[in-house]
Amino acid sequence: MSTQIAETVQQHYQCYIDGEWVDSDSKLPVENPANGKVFASVPDCTLAQADTALASSQAALQSWKMLPAIERGRHLFNLIEALKPKRDLFAKLLVLEQGKTLNEAYGEFDDTLNYLTYSAEAARRIEGNIFPSDNAGEQLWIQKVPYGVTVGLCAFNYPLALIGRKVGPALVTGNTMIVKPHEATPVTAMEFAKAVEEAGIPKGVINIISGSGIAVGEHLVKSPITQLVTLTGSIRAGQAICRAVAENVTAVSLELGGKASFIVLDDADIDKAVDAVVISRYANCGQVCICAELVLVHEKVADEFTRKVLEKVKALTVGNPMDNPSMGPSVTAQGLDRVDSIVQETISAGATLACGGARPEGAEFEHGNWYQPTVLTDVTADMAAAREEIFGPVLPIVKISSFDEAVEITNRRNDGLSCYLWSNDYRVIMDGISRLEVGTVFVNKQIVGYIQGYHSGHKRSGIGGEDGIYGIEGYLQKRAVYLNCN
């Protein structure tokens, strides 16, 4: 760790509960995925501390939700102003604990401010409805009101942006929120809490607590105080949340995993599709839920497409993420072991390792969670790399003979988060938009996520979603009012 970076990092961070900084006897070490070294720690909070956070959020709720929405929006603008001077700090911390390249880290910080700004600006756009009554002298209103105490559970791939994505809409709509970051990436959350304090947001409106997902996370989710749980994570985590909230029938918003098909038909612009798939697969070391996970390329153009993909992938650089290579390390050793297991199983089943497939060579890669950008060819739809969500820098390529075959392979899955469709035939495009059973279709487009859009999954990829007006509505429940004026 350079001296400049070391100066920005505390050896130990505290949690932010009820407007106070709190610690615990037990600590969670935080590793730098580039070298495997522990560079900081956070509290492994107790269930009693989780209860304090819940009580704090509940105590703050009434006064917070009674504020005019525009006042809540002003608090968010104050938070944005508190964050702005810390752009360099947050970028470096994101590199240290998550492993993304420095440029990607700056992009994540900027996205976080954009999420918060969009929510703050939405304060005057929370709408209800008035319908005609069946009787004279009456009105029927449908109001949209906050759930109450919400719990935001964040994944490790975007430790800061996911906080902004959840906190912004939760607060502007009148909810309070307890944020629990992933155990592997909690440091940026604690720095975010410092900005919350500096911005003067009333105590209890935002609590940030670290700890085990199995212990602290489950305790927060199962509490009768919690009225809405919003999770960004794996399908397995979403299933566990659903089981945990069953007794209290707590509302959930789940943005879960998927395996995005990247469909390339024989009339596609091959060069543009190649550029797009390399960006869409290897961004953030492949650790994006909407990354291109499986190429389905028409057999007529498969050889040309594969040759050009390999040229691009072999030119990708891997190294110290502070130096802005093409790709940094994976976040966790456990996740990387799973990636390699999928690769080796697929090769054993008959696929060809076209490039990558191992730890890079060199002294700088002896420690940490490193993997080469990998391409697998001669893959069939039943092989492990085509079945399993990889969440890593591995691109399996399957040849198809028709668009119908691509649709069948995509739709047979029990998840449906996103897919990519490359064709210049408007009839095929319109057909695909109608038939592909996913929450997002990228047509002749690389990976992207506009804040005014909507990010949601179909089937096992989730319930509810994030971003845009529909994301904000996800933090509101409806109340019907029969108003008799006689």
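Which residues point one way from strand 10, and which the other way? Leu228, Thr230 and Thr232 take one side, while Val229 and Leu231 take the other. All are buried. The model discussed here is predicted.

## Strand 10 and its neighbours

Strand 10 is largely enclosed by the rest of the structure, because five of its five residues are buried. Strand 7 (residues 149-153) pairs with strand 10 in the parallel sense, over four bridges. Within that pairing, Thr230 is the bridge partner of Gly152.

Strand 11 (residues 251-255) also runs parallel to strand 10, and five bridges join the two. Here Leu231 stands opposite Leu254. Helix 9 belongs to this part of the fold as well: strand 10, helix 9 and strand 11 make a right-handed β-α-β unit.

## The largest pocket

Strand 10 and helix 9 return in the lining of the largest pocket. The volume of this pocket is about 1,800 Å³. Its lining has 48 residues, and the closest to the centre are His182, Gly233, Ser234, Arg236 and Ala237. Helix 9 gives the most, with seven residues.

By class, the lining of the largest pocket divides into 21 nonpolar, 15 polar and 12 charged residues.

## The second largest pocket

The second largest pocket has a volume of about 1,000 Å³. It is lined by 41 residues. Tyr158, Ile290, Ile447, Val448 and Gly449 lie nearest its centre. The elements that supply two or more lining residues are helix 5 (102-121), helix 6 (161-172), helix 10 (270-282) and strand 19 (440-443). Helix 5 has the largest share, five residues.

This lining holds 22 nonpolar, 11 polar and eight charged residues.

How many cavities of 30 Å³ or more does a search of the whole structure find? The search finds two. The largest cavity has a volume of about 80 Å³. Its lining includes Tyr115, Tyr118 and Ser119, along with Gly164, Arg165 and Pro169. Ile451, Glu466, Asp467, Gly468, Gly471 and Ile472 also line it. Helix 5, helix 6 and helix 16 (468-473) each supply at least two of the lining residues. Helix 5 and helix 6 also contribute to the second largest pocket. Five residues of the largest cavity's lining are nonpolar, four polar and three charged.

The second largest cavity has a volume of about 30 Å³. Gly258, Lys259, Thr410, Arg413, Asp415, Gly416, Leu417, Ser418 and Val438 line it. Two of these residues are nonpolar, four polar and three charged.

## Cysteines

How many disulfides are there? The count comes to zero. Cys289 is in no disulfide, and the nearest cysteine sulfur, that of Cys291, is 8.3 Å away. A disulfide needs sulfur atoms within 2.5 Å. Cys289 is buried, with a relative accessible area of 13%.

Cys419 counts as buried, because its relative accessibility is 0%.

How values were computed. Residues are numbered from 1 along each chain as its sequence is written. This is a predicted model: local features need pLDDT of at least 70, side-chain atom pairs count only at pLDDT 80 or more; totals for chains, interfaces and linings use all residues. Side-chain values use heavy atoms; hydrogens and water are left out. Buried means under 20% relative accessible area, exposed over 50%, partly exposed in between (1.4 Å probe, protein chains only). On a 1 Å grid over the protein atoms alone, a cavity is a set of points where a 1.4 Å probe fits but cannot get out, and a pocket is an open set with protein on both sides within 12 Å along at least five of seven lines; lining residues have an atom within 4 Å of a point. Grid points are joined across faces, edges and corners, and a volume is the space filled by probe spheres set on the points. Ala, Val, Leu, Ile, Met, Phe, Trp, Tyr, Cys and Pro count as nonpolar, Asp, Glu, Lys and Arg as charged, and the others, Gly among them, as polar. Two strands pair if DSSP finds at least two bridges between them. A crossover is right-handed if, with the strands pointing away from the viewer, the path from the first strand over the helix to the second runs clockwise.
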